[in-house]
Amino acid sequence: MPIVIQLDVMLAMRKVKSKDLAAAIGITEANLSLLKQGKVKGIRLATLEAICSYLQCQPADLLVYQPQDEFDQSPSA
């Protein structure tokens, strides 16, 4: 997926534990873990806002666009 979630990087930079962030923003640790791993199809803007507010960062600090190579987009034979 060309959108990479760098929540784990921001947590490390801010020295915040996932458990503390989950409790502060009102989501389960399991859901936060899925988000950190990039295994989600979407994120609510309210959740993104809460994360940014707690970590004092911008959405662009958490979400990075990395286009796939042309080779990755070619159909499999």
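A: Of the 77 residues in the protein, 21% are buried. The model is a predicted one, and its secondary structure consists of six helices and two strands. Along the sequence these follow the pattern β-α-α-α-α-α-β-α.

The largest nonpolar core has 15 residues. Leu7, Leu21, Ile51, Leu55 and Leu62 are the residues with the most contacts inside this core. Two or more residues come from each of α1 (7–14), α2 (18–25), α3 (29–36) and α4 (45–55). The largest contribution is that of α4, which supplies four residues. In soluble globular proteins, nonpolar side chains tend to be buried together.

Ile51 shows how the core is connected across the sequence. Leaving aside residues up to four places away in sequence, Ile51 touches Leu7, Leu21, Ile25, Leu35, Ile43 and Leu62. Two of these partners, Leu7 and Leu62, are also listed with Ile51 among the residues with the most contacts inside the core. For the protein as a whole, 69% of the contacts between residues at least 6 apart in sequence join residues at least 24 apart.

A search of the whole structure finds one cavity of 30 Å³ or more, and the largest cavity holds about 50 Å³ of space. Its lining is made up of Ile5, Leu7, Leu35, Ile43, Leu48, Ile51, Leu62 and Leu63. By class, the lining has eight nonpolar residues, no polar and no charged ones.

Lys15 is in the loop between α1 and α2, and its phi is near 55°, a positive value in a residue other than glycine. Lys15 counts as exposed because its relative accessibility is 77%, above the 50% cut-off. Gln56 is found in the loop between α4 and α5 (59–62). The phi of Gln56 is near 50°, again positive in a residue other than glycine. With a relative accessible area of 68%, Gln56 is exposed too.

Notes:
Residues are numbered from 1 along each chain as its sequence is written. This is a predicted model: local features need pLDDT of at least 70, side-chain atom pairs count only at pLDDT 80 or more; totals for chains, interfaces and linings use all residues. Side-chain values use heavy atoms; hydrogens and water are left out. A nonpolar core is a set of buried Ala, Val, Leu, Ile, Met, Phe, Trp, Tyr and Cys residues joined through side-chain atoms within 4.5 Å. Buried means under 20% relative accessible area, exposed over 50%, partly exposed in between (1.4 Å probe, protein chains only). Contact means heavy atoms within 4.5 Å. On a 1 Å grid over the protein atoms alone, a cavity is a set of points where a 1.4 Å probe fits but cannot get out, and a pocket is an open set with protein on both sides within 12 Å along at least five of seven lines; lining residues have an atom within 4 Å of a point. Grid points are joined across faces, edges and corners, and a volume is the space filled by probe spheres set on the points. Ala, Val, Leu, Ile, Met, Phe, Trp, Tyr, Cys and Pro count as nonpolar, Asp, Glu, Lys and Arg as charged, and the others, Gly among them, as polar.
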